[in-house]
Amino acid sequence: MAGAQHDSDPITLHERRTPRPLPLWRHLLGDELRRLRKERGETLGDTAAHAGISPQYLSEIERGVKDPSSEMIDAVAGALGVTLVDLADSVAGTLRASTPSKHEASASAGVFLLAA
């Protein structure tokens with residue numbers, strides 16, 4: 001079979017043995033804040049001014065470079081017209097969707113045990 005991968009393929013074995021790292025909360029938060037800001041058609045400067053922070057700091061939050069305090073997150077959320085609870089719930093939902101369930105993780109562990 002052309003293009004078929006074999007169990008001895010080191011990349012395939014590595015991919016099976018190396019779990020995908022979980023995304024960091026600050027990266028998911030930044031992605032959601034950027035999505036909300038763009039949905040409103042605002043610039044970094046617009047949203048930052050409404051939140052009382054600098055555009056540079058908002059940019060760093062959106063890129064996941066900074067890990068802002070809950071007060072800063074609340075200020076940006078308010079500037080975007082959402083509550084802190086709704087923002088956190090949205091980010092948590094994204095995290096849940098990208099994280100294997102306990103059942104999937106157990107099934108994967110069982111496969112590794114069987115392979116050993």
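Predicted model: local features only at pLDDT ≥ 70, side-chain atom pairs only at ≥ 80, totals over all residues.

Colleague: Let's start with H3 and H4. How are their axes oriented to each other: roughly parallel or roughly perpendicular?

Modeller: The axes of helix H3 (residues 44-51) and helix H4 (residues 55-62) come within 8 Å. They cross at roughly 105 degrees. Angles of 65 to 115 degrees fall in one class, so H3 and H4 are roughly perpendicular.

Colleague: And which residues of H4 does H3 meet?

Modeller: From the H3 side, the residues are Leu44, Gly45, Thr47 and Ala48. Counting both helices, the contact divides into four nonpolar, three polar and one charged residue. On the H4 side, the partners are Pro55, Leu58, Ser59 and Glu62.

Colleague: Now Arg37, please. Is Arg37 buried or exposed?

Modeller: Arg37 sits in helix H2 (residues 25-39). Beyond its neighbours within four places in sequence, Arg37 is in contact with residues including Thr47, Leu58, Glu62 and Leu80. Its relative accessible area is 7%, and the cut-off is under 20%, so Arg37 is buried.

Colleague: Where on H5 do its buried residues lie?

Modeller: In helix H5 (residues 70-79), the buried residues are Ile73, Val76, Ala77 and Ala79. They cover an arc of only 160 degrees around the axis. What covers them includes H2, H3, H4 and helix H6 (84-98). Because of that arc, they lie on the same side of H5.

Colleague: Turning to salt bridges, how far apart are the closest N and O atoms of Asp31 and Arg34?

Modeller: Asp31 and Arg34 are three residues apart in helix H2, which means about one helical turn separates them. Asp31 is partly exposed at 43% relative accessible area, and Arg34 is partly exposed at 23%. They form a salt bridge whose closest N and O atoms are apart by 3.6 Å.

Colleague: Last one: which residues are linked in the network of salt bridges?

Modeller: The count for the model comes to six salt bridges. Glu62, buried at 4% relative accessible area, belongs to a network of them. The linked residues are Asp31, Arg34, Arg37 and Glu62.

Note on methods
Residues numbered from 1 in each chain as written. Heavy atoms only, no water. Axes fitted to C-alpha atoms, helices over the stretch in contact; angles between N-to-C directions. Helix = DSSP H or I, 4+ residues; strand = E, 2+ residues; numbered from the N terminus. Parallel < 35°, antiparallel > 145°, perpendicular 65-115°, else oblique. Contact = heavy atoms within 4.5 Å. Nonpolar A, V, L, I, M, F, W, Y, C, P; charged D, E, K, R; others polar. Buried < 20%, exposed > 50% of the residue type's maximum accessible area, 1.4 Å probe, protein only. Arc of directions from axis to C-beta. Salt bridge = Lys/Arg side-chain N within 4 Å of Asp/Glu carboxyl O.
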